[in-house]
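Work through the exercises below with the model open. Each task is followed by a solution in steps.

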Amino acid sequence: MKEDRIYNFNAGPAALPIEVLEEIKDSFLNLGGSGMSITEVSHRSKWFDDVINDAVERTRRMLNLDEKFHVLFIQGGASLQFCMIPMNLLGKGESADYVNTGTWSTKAIKEAEIQGKTIKVVASSEDHNFSYIPKNITFSSDAVYTHITSNNTIKGTQWASFPDTNGVPIIADMSSDIMCRPFDVDKFGLIYAGAQKNIGPAGVCMVIIKEDMLKRVPDTLPSMLKYTTYSSKNSMFNTPPCFAVYVIQLVMKWLEETIGGLEKMAEINRKKARILYEAIDSGDFYNGTAQPDSRSLMNVTFRLPDEALEKRFIEQALENGFGGLKGHRSVGGCRASIYNAIPVTAIEALVDFMKTFEQKNG
Ligand SMILES: *Cc1c(COP(=O)(O)O)cnc(C)c1O
């Protein structure tokens, strides 16, 4: 830990690996011998081609994507995907399934409904304040896709494994857990992730889309809202968010070369989550809000005995160099976002602080 840095548990934008930040700094004035920074080179140059192609290739290797999948970079965040998915993929007379596991799923559903699309909410965990991931869901056999939110950033729940949808392709909002663990991509028609949680800075959304989904895109949509515009132009129909794509490239390189791939990353993430949940479960002072079998590896949500103590906890944490522990404004409480970039040592330091705070205030 560098002296002037804090332990950053922000939910998003969130911590990036220190090695990546150092590399940005070191190569900033002269990207790959160009004599220019990434914010100054043309997106039609060899330098930027190398950046975007390497980001795509590393993503492909890490997730074992075959040639049926396209990796795209689209601006507008995950929120634009809530709109683009039904717009591009769901035709007249067709229907899609949605599972509602919290704020972000609810927003995805709303954006489909705004467009007058036919969707069916096949399961919801709203009955228990979105504290769990629904089980034994009956999916529609004639759905074009099934939309899920793989990790619920605000409530701190995560799908431990992906459901069997009888061959209907899954579309997943993986904004807050993409690259946190390996998974089988075969079940998926589309995966999307706003970069600013686990893979980069704000300003770009990674979209992984299967060829047969691209065939559904109507010609009549405006160019900037069509997946095919991005897939046919290597995400460079217009000027892409060059800096954001560059940072994603460096994060993928870090994952592959420094961490050693997604198996290793998952092992580290499981260890981090175990240490933190064990501390929360060790007494009555801290209380986890997600049901144990639905707990997230990425966003750990918990409460203290009362709101005054929570306020003091968050304040004193900050004074001791632990930032971002306030829960989402819609739910209150505390949340530690422990994305890939957060090392085990940061979790150990946080747990030490939590124990000391409990001794003084419990
Ligand atoms: C943050 C978040 C979003 C919203 O992302 P934007 O890029 O700000 O649109 C959507 N889904 C999930 C799961 C998120 O965590």
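Helix axes are lines fitted to C-alpha atoms over the stretch in contact, and angles between N-to-C directions run from 0 to 180 degrees. The model is predicted.

**Exercise 1.** Determine how helix 8 and helix 10 are oriented to each other, and list the residues in contact.

Solution. 
1. Helix 8 covers residues 262-281 and helix 10 covers residues 344-361. Their axes come within 9 Å and cross at roughly 5°.
2. Angles under 35 degrees count as roughly parallel, and helix 8 and helix 10 are therefore roughly parallel to each other.
3. Helix 8 contributes Ile268, Lys271, Lys272, Ile275, Leu276, Ala279 and Ile280, while Val344, Ile347, Glu348, Leu350, Val351 and Met354 come from helix 10.
4. Sorted by class, this contact holds 10 nonpolar, no polar and three charged residues.

**Exercise 2.** Classify the packing of helix 7 against helix 8.

Solution. 
1. The axes of helix 7 and helix 8 are 8 Å apart, at an angle of about 85°.
2. The range from 65 to 115 degrees counts as roughly perpendicular, so helix 7 is roughly perpendicular to helix 8.
3. On helix 7 the contact involves Trp254, Leu255 and Ile259; on helix 8 it involves Leu262, Lys264, Met265 and Ile268.
4. The classes are six nonpolar, no polar and one charged.

**Exercise 3.** Describe the angle, handedness and composition of the packing between helix 1 and helix 7.

Solution. 
1. Helix 1 (residues 18-27) packs on helix 7 (residues 242-259) at about 130°, and the axes lie 9 Å apart.
2. Helix 1 and helix 7 are therefore oblique to each other.
3. Their crossing is right-handed.
4. The contact of helix 1 with helix 7 has eight nonpolar, two polar and three charged residues.

**Exercise 4.** Find the residues closest to the ligand and give the distances from ligand oxygen atoms to side-chain N or O atoms of Ser79, Gln196 and Lys197.

Solution. 
1. The ligand is surrounded by 13 residues, and the closest are Ser79, Thr153, Asp173, Gln196 and Lys197.
2. For Ser79, a side-chain N or O atom is 2.6 Å from an oxygen atom of the ligand.
3. For Gln196, the corresponding distance is 2.9 Å.
4. For Lys197, the distance is 2.6 Å.

Technical notes. Residues are numbered from 1 along each chain as its sequence is written. This is a predicted model: local features need pLDDT of at least 70, side-chain atom pairs count only at pLDDT 80 or more; totals for chains, interfaces and linings use all residues. Side-chain values use heavy atoms; hydrogens and water are left out. Helices (H or I, at least four residues) and strands (E, at least two) are DSSP runs, numbered from the N terminus. Angles under 35 degrees count as roughly parallel, over 145 as roughly antiparallel, 65 to 115 as roughly perpendicular and the rest as oblique. A crossing is left-handed if the near helix is turned anticlockwise from the far one by less than a right angle, and right-handed if clockwise. Ala, Val, Leu, Ile, Met, Phe, Trp, Tyr, Cys and Pro count as nonpolar, Asp, Glu, Lys and Arg as charged, and the others, Gly among them, as polar. A residue is near a molecule or strand if one of its heavy atoms lies within 4 Å of it. A polar contact is a pair of N or O atoms within 3.5 Å; within protein, one must be able to donate a hydrogen and the other to accept it, and residues adjacent in sequence count only if both atoms are side-chain atoms. Contact means heavy atoms within 4.5 Å.
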